[in-house]
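Take a look at the structure below.

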Amino acid sequence: MSIVVDIVLVTLLAVAGIALLRIRNLFAVVMLAGIYSLLSAGLFTVMDAVDVAFTEAAVGAGISTVLFLGALALAGHHENRPGHTPLLPLIVVSVTGLALVYGTIDMPGFGGADNPVHHHVADHYLKESPNEIDIPNVVTAVLASYRGYDTWGEVTVVFAAAVGVMLLLMGGRRSRAAAGDNGRVGGDGQAGGAGDR
Amino acid sequence: MSLDLFVSHYNYWVVILLMMVGFYILISRGNLIKKIVGLNVFQTSVFMLYISMGKITGGTPPILVGDGHGGDAVEHVVYSNPLPHVLILTAIVVGIATTSVGLALAVRIKEAYGTLEEDEINRIEALVEASE
């Protein structure tokens, strides 16, 4: 039964992905990207990754949609029709895709318990984490303890990104205001209007 | 092509399709915000590939049954692989961080050039260079 749900969700994701490609109203694109994230959260639940599913639902469908909407409010939401022919990108994408599909033929099938990925450290985590860490949720035990340095690095990245965003959005604005707002390159009225909002 | 191969690899193939949709948006569309959406689609497809590999048919989420200290009922439970889940949890958070930096850059580019279209930005750059 879960394989049917899996196939339906995966197909819906493919439809959403192709719709994302074709729509040119960026507001609709952002909303559809939120739906896409929610569908992928559903798929993660079916594939037993419950922690990933709620992170994706909160971060991918929630926070990232809000961020995109904020960016659209500042930057406008119309996309121009692409000026050049899409032939070269299509060729590049098809060749890459075919090479990847060729690579998957040798992969062990979906859901097999004997797949190589399930041996090595995963066994250790499942058998020993109750004795070593004593948290029922193995994902939490691995995230916070066995791979604590990964999480620490992740926090560093988030901090760096937050500092970067603040510098980009506030630092630039203040120094421009000090310079009498003549730092703009292609200055037409639009740019100033976006900054005031 | 046998039906078996199709069912056991369907996930991987749709993941590749989505990956290529994201890649195509990234290289063929000129709007910077649309490019970031494409990058997100690409990213999510990688998450799905990893989670697909961690799934065991008939398995349960890797949350230990009972008190976690053995007992014979626990022997018969099959857990999906927790390791890809941990890696992808980290990747999701890093992904939102890079997305927000990309969006902030796009907003600044819009303020500086008045447009988000790649070809118009190139044209303005060429004009500025010619006038110097």
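## Model and domains

The model is predicted. Chain A is divided into two domains: domain 1 spans 1–80, and domain 2 spans 123–175. Their C-alpha centres lie 23 Å apart.

## Helix H1 of chain A

Start with helix H1 of chain A, residues 2–22. This helix has 21 residues. From its first C-alpha to its last, H1(A) reaches 31 Å, close to the 30 Å expected at 1.5 Å a residue.

Which residues of H1(A) are buried? They are A:Asp6, A:Leu9, A:Val10, A:Leu13, A:Ala14, A:Ala16, A:Gly17, A:Leu20 and A:Leu21. Seen down the axis of H1(A), these buried residues fall within an arc of 165 degrees, so they line one face of the helix. Turned away from that buried side is a face with the exposed residues A:Val15 and A:Arg22.

## Helix H5 of chain A

Helix H5 of chain A covers residues 121–132. A straight helix of twelve residues would span 16 Å at 1.5 Å a residue. H5(A) spans only 14 Å between its end C-alpha atoms.

The buried residues in H5(A) are A:Ala122, A:Tyr125, A:Leu126, A:Ser129 and A:Pro130. Why are they on the same side of H5(A)? They cover an arc of only 100 degrees around the axis, which puts them there. The exposed residues A:Lys127 and A:Asn131 sit on the face of H5(A) turned away from its buried side.

## The largest cavity

A search of the whole structure finds two cavities of 30 Å³ or more. The largest cavity has a volume of about 220 Å³. It is lined by 21 residues, and the closest to its centre are A:Ser37, A:Gly60, A:Ser64, B:Asn40 and B:Thr44.

By class, the lining has ten nonpolar, ten polar and one charged residues.

## The second largest cavity

How much space lies in the second largest cavity? The volume is about 50 Å³. From chain A, the lining takes A:Val10, A:Leu13, A:Leu43 and A:Met47. From chain B, it takes B:Asn11, B:Val14, B:Val15, B:Leu18, B:Met48 and B:Ser52.

H1 of chain A, H1 (3–28) of chain B and H2 of chain B each supply at least two lining residues. The largest share, four residues, comes from H1(B). Eight of the lining residues are nonpolar, two are polar and none is charged.

## The second largest pocket

The second largest pocket holds about 320 Å³ of space. Its lining has 18 residues, and the closest to the pocket centre are A:Leu67, A:Val165, A:Leu169, B:Ser100 and B:Leu103. By class, the lining has 16 nonpolar, two polar and no charged residues.

Which helices each supply at least two residues of this lining? They are H3 (50–75) and H7 (148–178) of chain A, together with H3 (82–113) of chain B. H3(B) gives the most, with seven residues. Both domains of chain A take part too: the pocket lining draws at least three residues from each of domain 1 and domain 2.

Technical notes. Residues are numbered from 1 along each chain as its sequence is written. Chains are lettered from A and ligands numbered from 1 in the order in which they are written. This is a predicted model: local features need pLDDT of at least 70, side-chain atom pairs count only at pLDDT 80 or more; totals for chains, interfaces and linings use all residues. Side-chain values use heavy atoms; hydrogens and water are left out. On a 1 Å grid over the protein atoms alone, a cavity is a set of points where a 1.4 Å probe fits but cannot get out, and a pocket is an open set with protein on both sides within 12 Å along at least five of seven lines; lining residues have an atom within 4 Å of a point. Grid points are joined across faces, edges and corners, and a volume is the space filled by probe spheres set on the points. Ala, Val, Leu, Ile, Met, Phe, Trp, Tyr, Cys and Pro count as nonpolar, Asp, Glu, Lys and Arg as charged, and the others, Gly among them, as polar. Domain bounds come from an automatic or database domain assignment. The expected span of a helix is 1.5 Å times one less than its number of residues. Buried means under 20% relative accessible area, exposed over 50%, partly exposed in between (1.4 Å probe, protein chains only). The arc is that of the directions from the helix axis to the C-beta atoms.
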